[in-house]
Amino acid sequence: MQVATFLAYLAAAALFIVGIRRLRRPETARSGNTLAAFGMTIALVATLFVIEFRSLLLIGIAALLGAVIGAFSAQRVKMTAMPQMVAAYNGVGGGAAALIALSEFYHMETGGHESVVATITVPLTILIGSVSFAGSAVAFAKLQEIAFSGSVSFPLQQVVNALLFLGILVLAANAILDGAILPFLSPVASVVAILASSLVLGVLLVIPIGGADMPIVISLLNAFTGLAAAASGFVLENYILIIGGTIVGASGTILTRLMSSALGRPLGKIIFAGIAAAGSSKEELEERPVHDAGAEEVGEYLADEAEKVVIVPGYGLAVAQAQGAMHELMEALESQGKEVLFGIHPVAGRMPGHMNVLLTEAGIPYGKLYDLEDINPEFEDTDAAIVVGANDVVNPAASDPEQDTPISGMPILEVEKANRVIFIKRSLSPGFAGVDNPLFYDQDKTMMLFSDAKQGLQDVVSALRSS
Amino acid sequence: MQELLAQLAIFVLAAFLGWELISRVPNLLHTPLMSATNAIHGVILVGGMITLAASTNPIIQAVGFVAVFFGALNVVGGFWVTNRMLGMFGPPLKKVKKRRKG
């Protein structure tokens with residue numbers, strides 16, 4: 001390898017690292033992404049100087065096609081469809097790694113140049129890359145609601161997966177040992193068979209996992225593709241592939257763990273249990289009495305008896321575009337000398353962090369927005385918790401060991417510890433996960449204000465101002 | 001052999017580096033970080049270019065062609081979509097920063 005290219009690869013690696021570092025803080029995140037993209041450009045240009053020029057046209061056409069489709073799709077995709085788009089980009093990366101390993105294996109077999117390391121890493125790259133490709137495709141289909149909705153499982157699924165994996169190991173050994181185990185299968189044919197079986201394995205691994213857990217699965221497959229890229233770096237003896245791939249493999253694993261703990265989903269449970277689809281059986285809920293409060297009653301209570309108020313916004317708030325009305329409520333309460341805080345659950349928005357953006361945009365100071373761990377101790381001495389357009393994230397059923405619900409184990413905002421809980425909600429219907437909330441029926445503690453989020457907030461504000 | 005040992009050392013050190021890089025990240029940035037690291041493993045495009053350049057057999061050329069296509073899609077789509085996502089976060093956060101200073 002030329003010295004200049006090697007040095008350029010080092011520069012690219014440094015830019016990747018600085019880029020990821022900057023992505024850890026909101027203020028510098030965007031520049032971090034730009035730096036990493038700049039590093040990528042350096043690595044790609046440097047590579048042009050170590051390959052044969054006669055192939056440039058073919059490479060140019062393929063890269064241009066990919067770039068145009070990538071840019072077009074990234075620009076057009078709706079923010080709500082972001083997770084499946086990331087899954088798609090991740091999947092093609094894994095697919096690329098598998099195809100590269102396949103092509104390199106053919107070169108080794110026909111060119112006579114064989115290294116032990118490369119023959120071992122080829123099957124590994126193909127396995128990880130293909131699982132990532134097929135798994136991401138299934139994740140995409142689930143999130144886009146094209147196919148495999150909910151949890152798809154069949155008997156002995158784990159056994160089938162294990163057998164398939166065993167078969168891949170035998171094929172890999174056959175390829176490495178030059179056809180010594182299965183004489184009828186040439187090494188190249190075995191490698192192609194590994195690719196096909198790994199694709200099937202990728203599908204089987206992801207179909208039993210429910211749609212709500214897909215962001216975590218995508219993050220895990222992202223780490224897989226990083227590893228596949230690193231493994232292909234050993235095949236090609238290329239440093240930037242080893243460094244870039246390994247960093248993503250390792251950081252992706254940590255990120256997956258962070259996400260799964262933020263959502264209260266142990267990784268093992270997601271992968272091996274195949275959680276049942278949420279809200280698939282909507283039973284008739286029995287009619288139970290609730291404390292149906294009007295805006296005047298709520299306003300009166302807030303004015304007379306509440307000193308400390310915690311507001312919990314959910315996705316319903318964003319749907320109703322009620323962030324401005326929420327800001328008004330905050331001002332009205334503060335003008336009466338009350339303390340107002342906001343409790344933001346990790347899944348309050350469409351993705352982690354979405355809700356924070358929507359609220360700061362409406363003028364609510366960043367410092368009033370508390371994370372789950374920081375707000376929960378505050379509820380003990382809170383007079384009123386106002387829950388707007390949320391249900392699952394405050395549902396005590398999630399932490400009840402007696403109940404087995406789709407949200408069991410998810411950390412919740414413990415509004416039930418507050419003196420009074422006020423729900424502003426359209427109806428009693430359970431939320432996204434389809435689990436009834438026992439707090440609704442606690443008539444001494446809970447006031448239900450049945451209304452659209454925006455209208456309800458505005459009514460409470462005017463009741464508060466006039467009282 | 002020397003070469004292989006160097007590669008192995010780089011692999012191990014890069015793994016620790018990646019591990020250390022991600023520590024207490026605010027929930028806010030989980031999705032963008034996932035998306036940005038997703039774009040970084042698009043560096044696989046380098047491998048696609050090398051293997052396609054070395055191919056003469058038409059079938060293997062086709063395999064390499066698809067690999068380059070996939071790699072470019074991963075890189076461009078990945079960085080582009082991350083930039084859009086962070087752009088959405090951008091303005092309100094800047095406002096916050098000003099407010100904190102002021």
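**Entry 1: chain B**

In what order do the elements of chain B run from the N terminus on? I read them off as α-α-α-α. Helices here are DSSP runs of H or I with at least four residues, strands are runs of E with at least two, and both are numbered from the N terminus.

Some housekeeping before I go on. This is a predicted model, in which local features need pLDDT of at least 70 and side-chain atom pairs count only at pLDDT 80 or more, while totals for chains, interfaces and linings use all residues. Residues are numbered from 1 along each chain as its sequence is written, and chains are lettered from A and ligands numbered from 1 in the order in which they are written.

I looked up burial for chain B next: of its 102 residues, 57% count as buried. A residue is buried if 20 or more other C-beta atoms lie within 10 Å of its own, exposed if 12 or fewer, and partly exposed in between, with C-beta atoms placed from the backbone. I also checked contacts in chain B with a separation of 6 or more, and 59% of them come from residues 24 or more positions apart. A contact means that the C-beta atoms of two residues, placed from the backbone, lie within 7 Å.

**Entry 2: where the chains meet**

I picked out B:A53, which is in helix α3 (residues 44-53) of chain B. B:A53 is buried because 20 other C-beta atoms lie within 10 Å. Leaving out residues up to four places away in sequence, B:A53 touches A:I51, A:E52, A:S55 and A:I59. Within its own chain, B:A53 has its C-alpha atom 8.4 Å from that of B:G64, eleven residues apart along the chain.

**Entry 3: chain A and its sheet**

Chain A is divided into domain 1 (1-76), domain 2 (83-273) and domain 3 (295-466), with bounds from an automatic or database domain assignment. Taken over C-alpha atoms, the centres of domain 2 and domain 3 of chain A are 42 Å apart.

I then traced a sheet in chain A: six strands, open, in the order β3-β2-β1-β4-β5-β6, with parallel pairing. Two strands pair if DSSP finds at least two bridges between them. Because β3 (369-370) and β6 (446-450) of chain A stand at the edges with a single partner strand each, one side of each is left without a neighbour in the sheet.

What joins β4 to its partners? Five bridges join β1(A) to β4(A), running parallel, and A:V312 stands opposite A:V387 there. Five bridges also join β4 (residues 384-388) to β5 (residues 420-425) of chain A, again parallel. Across that pairing, A:I386 stands opposite A:I422, and A:A384 stands opposite A:R420.

Five of the five residues of β4(A) are buried, so β4(A) is largely enclosed by the rest of the structure. A:A384, A:I386 and A:V388 point one way, and A:A385 and A:V387 the other way. Helix α11 (residues 295-305) of chain A lies across β1 (308-313), β4, β5 and β6, running at about 135 degrees to β6(A).

Most residues other than glycine have a negative phi, so I noted two exceptions. A:D178 has a positive phi of about 60 degrees and sits in the loop between α6 (157-176) and α7 (187-206) of chain A. A:D178 is partly exposed, with 13 other C-beta atoms within 10 Å. A:E237 has a positive phi near 50 degrees, in the loop between α8 (214-236) and α9 (239-262) of chain A. A:E237 counts as partly exposed, with 16 C-beta neighbours inside 10 Å.

How values were computed
Axes are lines fitted to C-alpha atoms, for helices over the stretch in contact, and angles run from 0 to 180 degrees between N-to-C directions.
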